[in-house]
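Okay everyone, thanks for coming.

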Amino acid sequence: MDLFDKCHHMERIEMAKKEGVYPYFHALSSGQDVEVEMSGHNVVMIGSNNYLGLTSDSRVINAGIEALKKYGSGCSGSRFLNGTLDLHLQLEKELAEFLHKEAVMTFSTGFQSNLGIISAIAGLGDYIVCDRENHASIYDGCRLSYAKMLRYKHADMEDLEAVLKSIPSDKGILIVTDGVFSMGGDIAKLPEIVALAKKYGARVMVDDAHGLGVLGEHGRGTAEYFGLEDEVDIYMGTFSKSLASLGGYMAAKKEVVEYVKHSSRPYIFSASITPSCAACALEALRIIKAEPDRPKRLLEISAYMREGLKKLGVPIIDSNTPIIPIYVYDDFKAFKACSLLLERGVYVNPVVSPATPEGFALLRTSYTATHTKEQLDYAMKQIKDVLVELEVIK
């Protein structure tokens, strides 16, 4: 058997291209914003993770330009050796203060953060317990570690307890959950998870990639939202969403961060965040601290869209976050809907099997604090019209 045989069997992708509804890799010819130029269309962007609208903020852009001028284009090495800038240290200091944690370390991407944290902190003889709908990077981090991974049904606390009960009491246990689940937009049942962790002697790690800048009175994320900031052992997050940059981080007690710094292969053997990325993330963080109404505005916009879609009879997954998935059920209809919406000036993301169960394909929509009601009203009308055309709704 030829290793490359699998490369010739991509029937669903080939069919989508043939039908003219292939929904991936559309090229932007403008900056990421609430309206963008994409594949020759001027579109309302309701498919990005630019939650606070800071990717186009002049203060963030200028911070990146100044860092590029001062430090150059890259660091040419890992943080472990020649790649640490005073800018990295300042970002980590201010992020730790914001998150009310003793220490922060930064990684080159959010995906790498989960790989680096989980593979370092959990090892042979330990157990990692995961929600079934956790992000792919969490699962890859589990595979990279030598720990035993066990899964529980999504948001099912009875199943989580059953899994915890099955683990020998002399084993180290890490419960890992998304704070805000990236596809469904629902929030983890963190109070129950924390209570079970205490009962069974486990540690808790929250991937708050979609929670930072979104939830909590000050935008600190899922733990602040529930008043559990002292109860979560490890925060993981990313700079590519609310912080309008690229990179990721871990926040925890100082000794835990120091251990991961000196043990994590993805951290030790990767080049550090570029100066411009670090500077943009730092400036975005300062804006979040100075403008706490941005996260509030984001949730108001999300609630407006959610209620509007419901009134139009659009089948959505309900939540309290800016991620609003819309059911279309059929994979091909998801591709077709994205294509029709793009032609009508609205961009959304298709989510099809195996990312969803067979027969539950959806359109993932997500919103930005700087969207206007006019943009949202236009997007709502186009979504309804397309779903009627595809006979998803009447």
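So, how much space lies in the second largest cavity? About 30 Å³. Before I go on, a word on where this comes from: it's a predicted model, so local features need pLDDT of at least 70, and side-chain atom pairs count only at pLDDT 80 or more, while totals for chains, interfaces and linings use all residues. Residues are numbered from 1 along each chain as its sequence is written, and side-chain values use heavy atoms, with hydrogens and water left out.

Back to that hole. A cavity here is a set of points on a 1 Å grid over the protein atoms alone, where a 1.4 Å probe fits but cannot get out, and lining residues have an atom within 4 Å of a point. Grid points are joined across faces, edges and corners, and the volume is the space filled by probe spheres set on the points. The second largest cavity is lined by L99, D208, L212, R220, A223, Y235 and Y249. Its lining splits into 5 nonpolar residues, no polar ones and 2 charged. For those labels, Ala, Val, Leu, Ile, Met, Phe, Trp, Tyr, Cys and Pro are nonpolar, Asp, Glu, Lys and Arg are charged, and the others, Gly among them, are polar.

How many cavities of 30 Å³ or more are there by this rule? The count is 2. The largest cavity has a volume of about 60 Å³, and its lining includes R79, H88, T106, F107 and Y267. That lining divides into 5 nonpolar, 6 polar and 1 charged. Strand β3 (103-107) and helix α10 (265-268) each supply at least two of the lining residues. When I say helix or strand, I mean DSSP runs numbered from the N terminus: H or I with at least four residues for helices, E with at least two for strands.

Now let's follow β3 into its sheet. Which order do the strands take? This open sheet has 7 strands, in the order β3-β9-β8-β7-β6-β4-β5, with mixed pairing. The edge strands are β3 and β5 (148-152), each pairing on one side only. From one strand to the next, the twist averages 20 degrees. Two strands count as paired if DSSP finds at least two bridges between them. As a reminder, strands of a sheet pair through backbone hydrogen bonds, either parallel or antiparallel.

Start at the β3 end. Strands β3 and β9 run antiparallel, joined by 5 bridges, and T106 stands opposite Y249 in β9.

Is β9 covered or open? Mostly covered: 5 of its 5 residues are buried, where buried means under 20% relative accessible area, exposed means over 50%, and partly exposed is in between (1.4 Å probe, protein chains only). In a regular strand the side chains alternate between the two faces of the sheet. In β9, G248, M250 and A252 are buried on one side, and Y249 and A251 are buried on the other.

Further along, β4 (residues 127-131) and β6 (residues 173-178) pair in the parallel sense over 4 bridges. Y127 has I173 as its bridge partner in β6. Helix α5 (residues 136-144) packs on the sheet, touching β4, β5, β6 and β7 (203-207), and its direction makes about 165 degrees with that of β4. For angles, axes are lines fitted to C-alpha atoms, for helices over the stretch in contact, and values run from 0 to 180 degrees between N-to-C directions. Contact means heavy atoms within 4.5 Å.

Let me zoom in on two residues. T177 is in strand β6, and it counts as buried because its relative accessibility is 1%. Leaving aside neighbours within four places in sequence, T177 is in contact with residues including D131, Y152 and M205. C142 is in helix α5 and counts as buried too, at 3% relative accessibility. Not counting residues up to four places away in sequence, C142 touches I118, I128, C130 and M149.

Last stop, another sheet. Here 3 strands form an open sheet in the order β10-β13-β12, with antiparallel pairing. Strands β10 and β13 (residues 361-366) are joined by 6 bridges, and Y327 has L362 as its bridge partner in β13. Helix α13 (residues 331-343) lies across β10, β12 and β13, at about 35 degrees to β13.

Technical notes
On a 1 Å grid over the protein atoms alone, a cavity is a set of points where a 1.4 Å probe fits but cannot get out, and a pocket is an open set with protein on both sides within 12 Å along at least five of seven lines; lining residues have an atom within 4 Å of a point.
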